[in-house]
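Subject: Handover of a structure

Dear colleague,

I am passing on the structure below for your records. Please look through it before reading the notes that come after it.

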There are 2 protein chains.
Amino acid sequence: MEENKDVTIYDLAEKLKLATSTISRALKDHPTISSKTIKKVKKMAEEMGYVPNTLAAGLRGNKTNTIGVLIPTVTQPFLSSLISGIEIAARKSGYNVIIMQSHDSYEEEVSMAKSLYSSRVSGIICSLGMKTVDTTHFQQFVNNNIPIVFVDRVPKDFNTFRVIIDNHAAAYKATVHLIEQGCKRIAHITAGSEFGNLYNERKRGYIDALTKYNLPVEKELIADLKTVTYNEALKASDKLLDLKNRPDGLFASGDIMAVSAIQSAKKRGIRVPEDLKVIGFNNDPISEIIDPNLSTITHPAAKMGQMSAEIILKSIKFPNKDEVKEITFLNTEVLVRESSKKI
Amino acid sequence: MEENKDVTIYDLAEKLKLATSTISRALKDHPTISSKTIKKVKKMAEEMGYVPNTLAAGLRGNKTNTIGVLIPTVTQPFLSSLISGIEIAARKSGYNVIIMQSHDSYEEEVSMAKSLYSSRVSGIICSLGMKTVDTTHFQQFVNNNIPIVFVDRVPKDFNTFRVIIDNHAAAYKATVHLIEQGCKRIAHITAGSEFGNLYNERKRGYIDALTKYNLPVEKELIADLKTVTYNEALKASDKLLDLKNRPDGLFASGDIMAVSAIQSAKKRGIRVPEDLKVIGFNNDPISEIIDPNLSTITHPAAKMGQMSAEIILKSIKFPNKDEVKEITFLNTEVLVRESSKKI
DNA sequence: CTTTTTTACGCAACCGATTTAGTTAGAATA
DNA sequence: TATTCTAACTAAATCGGTTGCGTAAAAAAG
């Protein structure tokens, strides 16, 4: 019932017979305020239950200490780890994190970019939606010197910070690993190849590895999913393993797809890794749980989130107008577990 | 270089020789503004690239159209689905979502609650940290009529909205299911029981079911983890399955723990479900992937998120001061899959 | 005991949108 | 023609901190 009005610096000023400017400065330990006054102000603030109004500060200073995060979804392990990394790094510097999910919809992404701009975020971290080709909706951030970092799924022709892994190299390594384990017919599961995305990079790595080692690239060994779901992947795996000339190795562009292949193999009595060696991508939690344990490519999600946030923070702190926005490559490694071991 | 100042309603007003009040109203289709003027204003806004400043509006109106979410972590499937549900519902009403992770630290939770209040969120959705007993840090929201919803892990003695499942009933159902499948010695894996949390509710449900069916409750069959990690759970499972008088059924308070039990059983040549029937809790993605498929209790994460957000939104729209904050119970179901089938 | 410097604080504009309480011009009514 | 209404605006206060600039008082220097 008590319409509890917030305590403001005006209330503090009145109580202490000081100017609001003094209060404001005292609360932030401004050097021109005597330590005695600072102590007095802080004590009173505590007593009266003063809570700063971030909005007001943000309005005046035109900065909100908020980082916007725009990603397809939060429910994929990679992306939730990414968020976690971002949130931890941001919070360490007193920044908040606003999350938006584009659900791989271009229209949503555009609308959300506008919304984030409207919220005057201090920076934005984005992983593009599956169908996003055009990126003009991010131009407003660039124009207004709001730092923007693209992570993982990044645009090609946009001069901004980027935090990525070398998808081609990683896929190449994965494929070579299978070859070194003695595989001769290596299948590949990929997704959404009609959009120029990171899955294509991985596919290229796969193809280049085969070529390098003089193995034929066969269309029937490459499955291209419309959407990355377990069931879709399972169907694709079934098809691959039912081929007359069955593959003896399989590189999947994601762990879920790799797991589906393992399950599909089990159903058919195909032994992994004896008859089929499998390697995935991402090092999702499931990869250590599935039996046999899944070999995979590490994908440092939390680290990528952390670095993205740090780049934003640094860029806010030192808004050097250098035209060159660096690209940060993070390492990936082949994580050999059971599913690809040579017997 | 061009210090691109934002276009404001002042710029529009000047350009169109109108008052800022007219601009403001025109942009929101206020009925007292002629449709001709509205059209004119909107066109100019578009042309000049006007983007509303949410901060300013928020400051004036003392509302931010932002919902704060305070949870232990975003990387657990249940919680990331929860977030997803919240975000979708919030966004549908034009609300933003700020995420903070307490990492089960009480101090972090307190600090973040303050921070969210400082950001003047319009409402807050919270799932308590493992160690949180005291909840005075949420009192400020109540005092200032900021709607607060606790979800899943909720406090007992705090008159706020709560969105939960009936953990006791769900656990009871799960245990009864095992009994009905013929299990006589049913083990249980729980966690963090020193804190009065929802795992305890489930444990109670387990015990009550055993009692009801005249099965003895044996201490050695109950494993209590310090932290819910796969490895911890694996160790506990190993111990349970190495008992002289081995259990023939196992109810785990989480799917990860249930999966660990399945893996532990496999290592020992104990067949699931023939020799050991297992049921988990949550219906995490992994439950459909593990072999055998894991029977589990559904836990409607996204739905709970959605409802939490809707309660907040409704509460903002109709700030009726009724002292009674309803508790929303969501349904859970026993999802019978392979791991608990009678042979 | 002046003059200069330093310390510590006050004044007031400012950020950009919202909103209350008018005001004006033209239409409707008498 | 005088009066009342109404539609369509405008002026100005407001939200709560922040900050450039100004100034009084105390300290240091001369």
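This is a predicted model: local features need pLDDT of at least 70, side-chain atom pairs count only at pLDDT 80 or more; totals for chains, interfaces and linings use all residues.

Residues are numbered from 1 along each chain as its sequence is written, and chains are lettered from A and ligands numbered from 1 in the order in which they are written.

**Relation of the two chains**

**The annotated region of chain A**

An unreviewed UniProt entry carries the annotation "domain: HTH lacI-type" for residues 7-61 of chain A; positions are given in the numbering used here, feature names are shortened, and such annotations may be inferred rather than shown by experiment. Over residues 7-61 of chain A, the chain is 69% helix and 0% strand, and the end C-alpha atoms lie 21 Å apart. Helices (H or I, at least four residues) and strands (E, at least two) are DSSP runs, numbered from the N terminus.

**Strand 3 of chain A and its partners**

Strand 3 (residues 123-126) of chain A is covered on both faces: G123(A) and I125(A) on one side, and I124(A) and C126(A) on the other, are all buried. Here buried means under 20% relative accessible area, exposed over 50%, and partly exposed in between, with a 1.4 Å probe and protein chains only. Strand 3 of chain A pairs in the parallel sense with strand 1 (residues 66-71) of chain A over four bridges, where two strands pair if DSSP finds at least two bridges between them. In that pairing, I67(A) has G123(A) as its bridge partner. Strand 3 of chain A also pairs in the parallel sense with strand 4 (residues 148-151) of chain A, over three bridges, and I148(A) is the bridge partner of I124(A).

**The sheet 7-6-8-9 of chain A**

Four strands of chain A form an open, parallel sheet in the order 7-6-8-9. Strand 7 (222-225) and strand 9 (277-279) of chain A stand at the edges with a single partner strand each, so one side of each is left without a neighbour in the sheet. From one strand to the next, the twist averages 15°; axes are lines fitted to C-alpha atoms, for helices over the stretch in contact, and angles run from 0 to 180 degrees between N-to-C directions. Strand 8 (residues 249-252) of chain A is joined to strand 9 of chain A by three bridges, the two running parallel, and L250(A) has V278(A) as its bridge partner.

In strand 6 of chain A lies T190(A), which counts as buried at 0% relative accessibility. Leaving aside residues up to four places away in sequence, T190(A) touches Y199(A), K203(A), I222(A), A223(A), D224(A), L225(A), S253(A) and M257(A), contact meaning heavy atoms within 4.5 Å.

**Helix 10 of chain A**

Helix 10 (residues 230-241) of chain A lies across strand 6 (186-191), strand 7 and strand 8 of chain A, and runs at about 160° to strand 7 of chain A. Its buried residues are Y230(A), A233(A), L234(A), A236(A), S237(A), D238(A), L240(A) and L241(A). Among the elements that cover these residues are strand 6, strand 7, strand 8 and helix 11 (255-267) of chain A.

**Chain B**

In chain B, four strands likewise form an open sheet in the order 7-6-8-9 with parallel pairing. Strand 8 (residues 249-252) of chain B pairs with strand 9 of chain B over three bridges in the parallel sense, with V278(B) as the bridge partner of L250(B).

Q76(B) is found in the loop between strand 1 (66-71) and helix 5 (77-92) of chain B. With a relative accessible area of 41%, Q76(B) is partly exposed. Q76(B) and D284(B) are 208 residues apart in sequence and 9.1 Å apart in space, C-alpha to C-alpha.

With kind regards

Definitions and conventions. Side-chain values use heavy atoms; hydrogens and water are left out.
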